[in-house]
Amino acid sequence: MAPSTETEFVTIVSSDKFEFIIPRSAAYVSETLRRMLSSNNFPEGRTGVCVLEDYSGVIVEKICEYFCYNEKHKDQVNVPDMDIPPELCLELLMAADFLNT
């Protein structure tokens with residue numbers, strides 16, 4: 001059962017303190033974030049704020065962009081690829097592995 005304090009939006013914070021507010025349903029694209037946000041056993045579940053200390057604002061911005069892009073296009077076919085700069089690919093792959101997306 002979801003906590004009674006659950007809000008429609010969550011905040012994702014990067015290591016350099018940039019904050020990104022996205023729909024909770026978009027954040028749930030990540031299995032890791034879903035587990036943290038849906039449990040009162042984790043501070044993230046009580047506050048609705050997830051701090052990704054290992055990732056810079058540039059990376060977290062692209063992660064949040066992907067979450068929203070994925071949610072927007074989840075039931076569509078022939079979806080165009082997201083624009084991902086090659087210099088971010090390795091860090092984004094590592095983040096995707098951690099976030100289980």
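**Note on the predicted model**

1. Of the 101 residues of the protein chain, 36% count as buried, where buried means under 20% relative accessible area, exposed over 50%, and partly exposed in between, with a 1.4 Å probe and protein chains only. This is a predicted model, in which local features need pLDDT of at least 70, side-chain atom pairs count only at pLDDT 80 or more, and totals for chains, interfaces and linings use all residues. Residues are numbered from 1 along each chain as its sequence is written, and side-chain values use heavy atoms, with hydrogens and water left out.

2. Overall dimensions. Along the principal axes, the C-alpha atoms fill a box of roughly 40 × 35 × 20 Å. The protein chain exposes about 6,500 Å², and carbon and sulfur atoms supply 54% of this area; accessible areas come from the Shrake-Rupley method with a 1.4 Å probe, and for residues only the protein chains shown count as cover.

3. Secondary structure. The protein chain has 5 helices and 3 strands, in the order β-β-α-α-α-β-α-α along the sequence. Helices (H or I, at least four residues) and strands (E, at least two) are DSSP runs, numbered from the N terminus. Among contacts between residues at least 6 apart in sequence, 58% join residues at least 24 apart, a contact being heavy atoms within 4.5 Å.

4. Strand β1. Pairing here requires that DSSP finds at least two bridges between two strands. β1 runs antiparallel to β2, with 5 bridges joining them, and Val10 stands opposite Ile22 in β2. With strand β3 (residues 49-52), β1 pairs in the parallel sense over 4 bridges; there the bridge partner of Val13 is Val51. β1 is mostly covered, with 5 of its 6 residues buried.

5. Positive phi values. Most residues other than glycine have a negative phi. Lys17 has a phi near 70 degrees and belongs to the turn of the hairpin formed by β1 and β2, which has 4 residues between the strands. Lys17 is exposed, at a relative accessible area of 64%. Asn78, also not a glycine, has a positive phi of about 55 degrees. Asn78 lies in the loop between α4 (57-73) and α5 (89-99) and is exposed, with a relative accessible area of 76%.

6. Cysteines. With a disulfide taken as a pair of cysteine sulfur atoms within 2.5 Å, the count is 0 disulfides. For Cys68, which is in no disulfide, the nearest cysteine sulfur is that of Cys64, 6.8 Å away. Cys68 is partly exposed, with a relative accessible area of 31%. The sulfur of Cys89 is too far for a bond, because the closest cysteine sulfur, in Cys64, is 18 Å away. Cys89 also counts as partly exposed, at 33% relative accessibility.

7. Annotation. An unreviewed UniProt entry carries the annotation "domain: SKP1 component POZ" for residues 9-70. UniProt positions are given in the numbering used here, feature names are shortened, and annotations may be inferred rather than shown by experiment. In the model, the span 9-70 is 48% helix and 24% strand, and its end C-alpha atoms lie 16 Å apart.
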